[in-house]
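Morning, everyone. I have one model to walk through today. Please look at the screen while I talk.

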Amino acid sequence: MTAEVQAYETGDRRLTPADVHSVRFTRGTMLRPGYNEVEVDRFLSRVGHELARHAQEKAELRDRVQTLQKQLGEVTVIEPPSDQAVRILAQAQLTADNYVAEAEDFSRQITSDARAQYEEQLRQARESAGAIIQAAHETAAKMTRGGTPIGDADGATLEQLQEQVAYLKAFGQAVRVQLRSYLEALITDVESEWGRADPGALPARPLPAATRSGAQAGPLNVAAELQRGDDRKPGPSANGVEIQGTRG
Amino acid sequence: MDIPAMRANFAKAAAAGDEAPLWFYSHLFLSHPETRQLFPVSMAHQRDRLFAALGEVVARVDDLDSLVPILQQLGRDHRKFGTVAAHYPAVGASLLATLEHFDDEWNAALAQDWTAAYQLVADVMIAAADEADDEPPWWNAEIIEHERRAIDIAVLTLRPETPLAYLPGQSVSLETDLRPRLWRYYSPANAPREDGRMEIHVQAQDGGPVSSALVRQAGIGDVLRLGPPLGHLALDTGSDRDLLLVAGGTGLAPVKALVDQVARYGPERRVDLFVGARTEERLYDRADLERLDKEHPWLTVTLAVSDDKYSPLEQGDVGDVVQRHGPWRSRDVYVAGTGPMVDDTVARLVGSGLPPDRIRTEVFAPSRPSPDVDGEVTE
């Protein structure tokens, strides 16, 4: 057996093509012609290992290549755009923006002009309608005065009745305003003075009877009742004054 | 992080005005063309908003307590735009390129600091968006009623496909396919219903793309997209004081939702609602308000006109009418309407002795494109 054969049999050195070319086996004897069988078998086994190792390495490398290729595919290298390209796109964008702005401005002018005209016509129509109605009222009043006075059982004229209605309306309004101010003032009082009060901080000494039953207890009870009441809203007629013009 | 250096660097980009965001978006769209579809055709308003938001972030970068909630809100809100985690690095790269482009003294240290800062911002936003993923990024809602109530005002009834929880008085943003990628805020005019139906009041702003389309083009069967609710005009549930509600124009919507809340959930109390408009025709929800007034004994509705001398309704600016009907010193007050109307009403009420901390207001512009960094949707 030659030195080379021994070397790859004993050491970890991997089999090279040169090893295969230069391999020399021990010749046989007269009884067993040919190469030494043991050496040949050993060599073949060695070659088999080496081939298997190559196949495995190849597979590993193929996987590696695939992984890397995939990564490359995901991270497409982006070349930063050139200054010139940026400038050209910026110019194009500005042009587009200007067109849109012009269109919006045009639309703004047209709509506001149209709206102004519409509102002007509406205003004129309303004013002439108002004038007509006023004239009609005046005519009606003249005709009533000129003709037989319309009176009720007590002989009150229409004018007197109208005056009464106006007076009652004004009175009702005034009463509502008064009542509301009163109620608001009470609630403010309750909030600022009583809302903050800590019951523990109340004076232990009883208040004089006059104070208890008089000024304080009275309004507070009214306020409490008003607040508790189910219908806290002014009656329908008073409400009608607020939402005037619920014209049928 | 060298915060002063970063601020100095940002100031240079900010000083370039519109140029800087224009550069940023062009860079972004060229490097990531798929991001273009997340934005509207016209980028004019978008550019203003981007740098305003970035400016806020830079200003508060050393005050994380106030910055983090803003970023979380931004992150959650961006889900409706179709923003996903993968978009954040793309934006970061273009932001850095922009900051570099406008700074002659750009250096590696700045690049490193900005990368780290942006990563922080993106992480907070992405985390907040992920946390919100038990909710849909947006809600599809069908228009089931569409009524033109005035020449430029429509009342729409929407039915979201999946329930959308909100508080009465809050606003939701919405987008229509008629005007893609333009989101506007509107207040539901009712407390949440079991069937999810909500009423919104839209006033077409002259030249306003979304509001005009909603009033004049949208119709029954159209599907809108709704974003998550926000806003602050919610009823103080810790108080059972009587209420004074004052509304001008479509500012009626959030205030009407508060009336609905009292009607449905109580506690019952006296509610005075004042609604102002220029003319009678513009009191677009009058029939329903009068119905509510009849149905609820605790509610009094007063309608006022400021420019309609033949009308039998109360005459004058609504703030003036409110003052004439006062005093209101014991009330909780909610005011919603245009800026001047809100200012006038509040000034009169405070002048008549109402503690300012009992007044809650919402300036209700006809078109409200986006919340500011504090989540307010007023303009």
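Start with a pair of helices in chain B. Helices α2(B) and α5(B) cross, and the crossing is right-handed. Helix α2 covers residues 19-31 of chain B, and helix α5 covers residues 87-101 of chain B. One caution before I go on: this is a predicted model.

How is a pair like this described? Two packed helices are described by the angle between their axes and the distance between the axes. For α2 and α5 of chain B, the angle is about 135° and the axes are 9 Å apart. That makes α2(B) oblique to α5(B).

Which residues make the contact? From α2(B) come B:A20, B:W23, B:F24, B:H27, B:L28 and B:S31. From α5(B) come B:A90, B:V91, B:A93, B:S94, B:L95, B:A97, B:T98 and B:H101. Sort the residues of this contact between α2(B) and α5(B) by class, and you get nine nonpolar, five polar and no charged residues.

Helix α1 is residues 3-15 of chain B, and helix α3 is residues 44-59 of chain B. Their axes come within 11 Å and cross at roughly 165°. The cut-off for roughly antiparallel is over 145 degrees. Therefore α1(B) and α3(B) are roughly antiparallel to each other. The crossing of α1(B) and α3(B) is left-handed.

Here is who meets whom. On the α1(B) side we have B:R7, B:F10, B:A13 and B:A14. On the α3(B) side we have B:F51, B:L54, B:G55, B:V58 and B:A59. By class, the contact of α1(B) with α3(B) has seven nonpolar residues, one polar and one charged.

Next, the sheets. Chain B has an open sheet of six strands in the order β4-β3-β6-β1-β2-β5, and the pairing is antiparallel. Which strands sit at the edges? They are β4 (184-186) and β5 (198-203) of chain B, and each pairs on one side only. Neighbouring strands in this sheet are turned by 40° against each other on average, direction ignored.

Strand β1 of chain B is residues 139-150, and strand β2 of chain B is residues 153-160. They run antiparallel, and eight bridges join them. Take B:E145 as an example: its bridge partner in β2(B) is B:T157.

Is α7(B) mostly covered or mostly uncovered? It is mostly covered, with seven of its eight residues buried. The buried ones are B:P209, B:V210, B:S211, B:S212, B:A213, B:L214 and B:V215.

On to another sheet in chain B. This one is open too, with six strands in the order β10-β9-β8-β7-β11-β12, and here the pairing is parallel. The edge strands are β10 (314-315) and β12 (359-363) of chain B, and each pairs on one side only.

Look at β8 and β9. Strand β8 of chain B runs over residues 271-277, and strand β9 of chain B over residues 299-305. Seven bridges join this parallel pair. B:L273 stands opposite B:V301 in β9(B).

Two helices to note on this sheet. Helix α9 of chain B, residues 286-295, packs on the sheet and touches β8 and β9 of chain B. The direction of α9(B) makes about 150° with that of β9(B). Helix α11(B) also packs on the sheet, touching β7 (243-248), β11 (332-337) and β12 of chain B. The direction of α11(B) makes about 155° with that of β11(B).

Let's stop at one residue. B:V342 lies in helix α11 of chain B, residues 339-351. Why does B:V342 count as buried? Because its relative accessibility is 3%, and buried means under 20%. B:V342 and B:V363 are 21 residues apart in sequence, yet 6.6 Å apart in space, C-alpha to C-alpha. Leaving out residues up to four places away in sequence, B:V342 touches B:V335, B:A336, B:G337, B:T361, B:E362 and B:V363.

Last, chain A. Chain A has seven helices and zero strands. Buried residues make up 12% of its 248 residues. Take the contacts in chain A between residues at least 6 apart in sequence: 49% of them join residues at least 24 apart.

How values were computed. Residues are numbered from 1 along each chain as its sequence is written. Chains are lettered from A and ligands numbered from 1 in the order in which they are written. This is a predicted model: local features need pLDDT of at least 70, side-chain atom pairs count only at pLDDT 80 or more; totals for chains, interfaces and linings use all residues. Side-chain values use heavy atoms; hydrogens and water are left out. Axes are lines fitted to C-alpha atoms, for helices over the stretch in contact, and angles run from 0 to 180 degrees between N-to-C directions. Helices (H or I, at least four residues) and strands (E, at least two) are DSSP runs, numbered from the N terminus. Angles under 35 degrees count as roughly parallel, over 145 as roughly antiparallel, 65 to 115 as roughly perpendicular and the rest as oblique. A crossing is left-handed if the near helix is turned anticlockwise from the far one by less than a right angle, and right-handed if clockwise. Contact means heavy atoms within 4.5 Å. Ala, Val, Leu, Ile, Met, Phe, Trp, Tyr, Cys and Pro count as nonpolar, Asp, Glu, Lys and Arg as charged, and the others, Gly among them, as polar. Two strands pair if DSSP finds at least two bridges between them. Buried means under 20% relative accessible area, exposed over 50%, partly exposed in between (1.4 Å probe, protein chains only).
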